[in-house]
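Hello,

Here is the structure for your side-chain work. My notes on contacts and pockets follow below it.

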Amino acid sequence: MEENNQHVPLKSEDTEAGSDQEDSDHCNGSGCEQKDGSCGEAGPPIKAHGDFSDPVYKEIALTNGTINRMNKDELRAKCAELKLDTRGVKDVLNKRLKNYYKKQKLKQSSAAVGPGDAYYDYICVVDFEATCEEDNPSDFVHEIIEFPIVLIDTHTLEIVDSFQEYVKPELNPQLSDFCVGLTGITQKMVDEADTFPPVFRRVVAWLQKKELGTKYKYALLTDGSWDMSKFLYTQCRLSRLRYPQFARKWINIRKSYGNYYKVARNQTKLNCMLENLGMQYEGRPHCGLDDSRNIARIAIRMLKDGCQLRVNEHMHGNELKSVPINAPFEGAPPPQKPKSRD
């Protein structure tokens, strides 16, 4: 869920492009907030860093130079010839083509694949929906009313499963008309749902059944910082639960997208990311499960384009912090049954 006009009571330390408070930029699902109604094109691709002494990297550099001289039609034609996806703005096509040739040349030279490739076996996409008002007062407390998870297999690059439950709010049990209209979640849905603690126990049981953190390495992924650092953190305090260890680190796809495709922060809203990748939103905007599925589609496309999605944010105590880009890959710990704060 994208939040608007709210103050984040958590400190942040950015080491990557994009702000930890980027979620306050509200996107209404009908497009992005650009004067011409479009998201614009991505900036130039990131340059690689490091000492590459193998001759294959010289070949890759020469190929990259050729690709850089192609116009959009030439890039699209070459992608079609190689049976690659032809959707997206010029710089996305540029990146896709470079990544294809790089992988081919490294494969031909028997060069080792980087240790970060497909480090996680699974990625869990989470996008909460929470109680809200049209003009949230500064002291408004958001309660989670939808808990969705979409599971990505990073080896097959497919969505393989999903979880969804509605949650009954306790502090403000009556949903506002604005909240119902925005999310599509009705009063009847939450009235018939369980409160957060039993729902969260079933979330943990679902994750455990998938053997995440035990047999398989995994990470959580969100569309911005708010889902974990604000919504889940606040909900755990309201429900007298300790904040779960497995949710202390996650992938903020907005930062990953902005850094990989070198785009401005205002082009990392959900619809902007989809548009720049040549995709359209599928489903109902602000339905937590549909949002999660669309975020998962972006994550899969980024993995196909060669991006190494990795944890880039974490909670330290009650503070939101960024994970340095050179930090080692680390999977989330096995999910444990939620513990009471009492």
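**Salt bridges and other contacts**

Lys249 and Glu330 form a salt bridge, with their closest N and O atoms 2.7 Å apart. The term covers a side-chain nitrogen of Lys or Arg within 4 Å of a carboxyl oxygen of Asp or Glu. This pair links distant parts of the chain: Lys249 is in strand β6 (residues 249-252), Glu330 is in the segment after β8 (319-322), and they are 81 residues apart. Helices (H or I, at least four residues) and strands (E, at least two) are DSSP runs, numbered from the N terminus. Lys249 is partly exposed at 33% relative accessibility. Glu330 is partly exposed too, at 41%. The cut-offs for relative accessible area are under 20% for buried, over 50% for exposed, and partly exposed in between (1.4 Å probe, protein chains only).

Before the rest, the ground rules. This is a predicted model, where local features need pLDDT of at least 70, side-chain atom pairs count only at pLDDT 80 or more, and totals for chains, interfaces and linings use all residues. Residues are numbered from 1 along each chain as its sequence is written, and side-chain values use heavy atoms, with hydrogens and water left out.

The structure holds 13 salt bridges. Another of them joins Asp85 to Arg301, with 2.9 Å between the closest N and O atoms. Asp85 lies in the loop between α2 and α3 (90-108) and Arg301 in helix α10 (residues 288-304), so this bridge ties together parts that are 216 residues apart in sequence. Asp85 is partly exposed, with a relative accessible area of 24%. Arg301 is buried, at 6% relative accessibility. Arg87 joins in as well: Asp85, Arg87 and Arg301 are linked in a network of salt bridges.

A local case sits in helix α2 (residues 72-81). Lys78 and Glu81 both lie in that helix, 3 residues apart, about one turn. Their side chains meet in a salt bridge of 3.3 Å, N to O. Lys78 is partly exposed, with a relative accessible area of 21%. Glu81 is exposed, at 54%.

**Second largest pocket**

Asp85 and Arg301 turn up again here. The second largest pocket is lined by 14 residues, and Asp85, Ile300, Arg301, Lys304 and Asp305 lie nearest its centre. The elements that give two or more residues to its lining are α3 and α10. The largest share, 5 residues, comes from α3. The space in this pocket is about 310 Å³.

For the method: on a 1 Å grid over the protein atoms alone, a pocket is an open set of points where a 1.4 Å probe fits, with protein on both sides within 12 Å along at least five of seven lines; lining residues have an atom within 4 Å of a point. Grid points are joined across faces, edges and corners, and the volume is the space filled by probe spheres set on the points.

**Aromatic rings**

A search of the whole structure finds 15 aromatic pairs. Rings of Phe, Tyr and Trp (its six-membered ring) pair if their centres lie within 6.5 Å; planes under 30 degrees apart count as stacked, over 60 as edge-to-face and the rest as tilted. Tyr122 and Tyr216 form an edge-to-face pair, 5.3 Å centre to centre, with 85° between the planes. That pair links distant parts of the chain: Tyr122 is in strand β1 (residues 122-126), Tyr216 is in the loop between α6 (196-209) and β5 (218-222), and they are 94 residues apart. Tyr122 is buried, with a relative accessible area of 16%. Tyr216 is partly exposed, at 24%. Elsewhere, ring pairs link Phe128, Phe147, Phe196, Phe200 and Phe246 into a cluster.

Charges also sit over rings (NZ of Lys or CZ of Arg within 6 Å of the ring centre and within 35 degrees of the ring normal). Lys95 lies over the face of Tyr260, 4.2 Å from the ring centre. The charged end of Arg310 sits over the ring of Phe329, 4.0 Å from its centre.

**Cysteines and a loop contact**

How many disulfides does a search of the whole structure find? It finds 0, a disulfide being a pair of cysteine sulfur atoms within 2.5 Å. Cys124 is buried at 0% relative accessibility. Cys287 is buried as well, with a relative accessible area of 13%.

Last, Thr268. This residue is in the loop between α8 (253-261) and α9 (270-276). Thr268 is buried, with a relative accessible area of 2%. The C-alpha atoms of Thr268 and Arg254 are separated by 5.3 Å, and the two residues are 14 apart along the chain.

Best wishes
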